[in-house]
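Here is a friendly walk through one protein model, taken a piece at a time. Keep the picture handy as you read.

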Amino acid sequence: QVQLVESGGGLVQAGGSLRLSCAASGRTFSNYVVAWFRQAPGKERKFVTAVTWNFGATYYVDSVKGRFTISRDTAKNTVNLQMNSLKPEDTAVYYCAAADGSRGISSSVGGYTYWGQGTQVTVSA
């Protein structure tokens, strides 16, 4: 029903910036919550940030507050993640995910129905 495609990953030096995008097809986000997760090699996938499509409410984990900004573009049916002041510990595959927003924002992998293929972000020291 919904297909998600991430883009914008790459290699950047510590302190640098990257902008990730999550584009939806098949259906609009409507009343969905759209989130970003990340997964480093050998580690579990972890929640990073999310936004509600209807009201633009956002939530960030403490480790990225003040550095990452999530935003939605209703005209383009796209969610962006601006990442500034990147650190080596931000290195991971970043995944876009979407879920029905009727239950609010979830920080659990199990709370999301649709997933993108992931995009690699590597931050060198």
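## A buried loop residue, and another with positive phi

Let's start with asparagine 77, which counts as buried at 11% relative accessibility; buried means under 20% relative accessible area, exposed means over 50%, and partly exposed is in between, using a 1.4 Å probe and protein chains only. Asparagine 77 sits in the loop between S7 and S8. Strands such as these are DSSP runs (E, at least two residues), numbered from the N terminus. Although asparagine 77 is not a glycine, its phi is positive, at about 50°.

Serine 85 also has a positive phi, near 50°, in a residue other than glycine. You'll find serine 85 in the loop between S8 and S9. With a relative accessible area of 39%, serine 85 is partly exposed.

## How to read the numbers

This is a predicted model, in which local features need pLDDT of at least 70 and side-chain atom pairs count only at pLDDT 80 or more, while totals for chains, interfaces and linings use all residues. Residues are numbered from 1 along each chain as its sequence is written, and side-chain values use heavy atoms, with hydrogens and water left out.

## The four-stranded sheet

Now for a sheet. Four strands make an open sheet in the order S1-S3-S8-S7, and the pairing is antiparallel; two strands pair if DSSP finds at least two bridges between them. S1 (3–7) and S7 (68–73) are at the edges with a single partner strand each, so one side of each has no neighbour in the sheet. From one strand to the next, the twist averages 15°. (Axes here are lines fitted to C-alpha atoms, and angles run from 0 to 180 degrees between N-to-C directions.)

Look at S1 and S3 (residues 18–25): they run antiparallel and are joined by five bridges.

## Around strand S11

S2 (residues 10–13) runs parallel to S11, with four bridges joining them, and valine 12 has valine 123 of S11 as its bridge partner. S9 pairs with S11 in the antiparallel sense over three bridges; here, alanine 92 stands opposite valine 121 in S11.

## One disulfide

How many disulfides does a search of the whole structure find? There is one, where a disulfide means a pair of cysteine sulfur atoms within 2.5 Å. Cysteine 22 and cysteine 96 form the link, with their sulfur atoms 1.9 Å apart. Cysteine 22 is in S3 and cysteine 96 in S9, so the pair ties together parts 74 residues apart in sequence. The link is left-handed, with -75° about the S-S bond, and both cysteines are buried.

The largest nonpolar core has 37 residues, and Trp36, Met83, Tyr94 and Tyr112 have the most contacts inside it. (A nonpolar core is a set of buried Ala, Val, Leu, Ile, Met, Phe, Trp, Tyr and Cys residues joined through side-chain atoms within 4.5 Å.) The elements giving two or more residues to this core are S3, S4 (32–39), S5, S7, S8 (78–83), S9 (92–100) and S11 (119–124). Leaving aside neighbours within four places in sequence, tyrosine 112 is in contact with residues including Val33, Phe37, Phe47, Ala98 and Ile105; contact means heavy atoms within 4.5 Å.

Threonine 49, in S5 (residues 46–52), counts as buried at 0% relative accessibility. Not counting residues up to four places away in sequence, threonine 49 touches Val34, Ala35, Trp36, Tyr59, Tyr60, Ile70 and Leu81. A polar atom of the threonine 49 side chain lies 2.8 Å from the backbone oxygen of tyrosine 59.

## Lysine 46

Key
A polar contact is a pair of N or O atoms within 3.5 Å; within protein, one must be able to donate a hydrogen and the other to accept it, and residues adjacent in sequence count only if both atoms are side-chain atoms.
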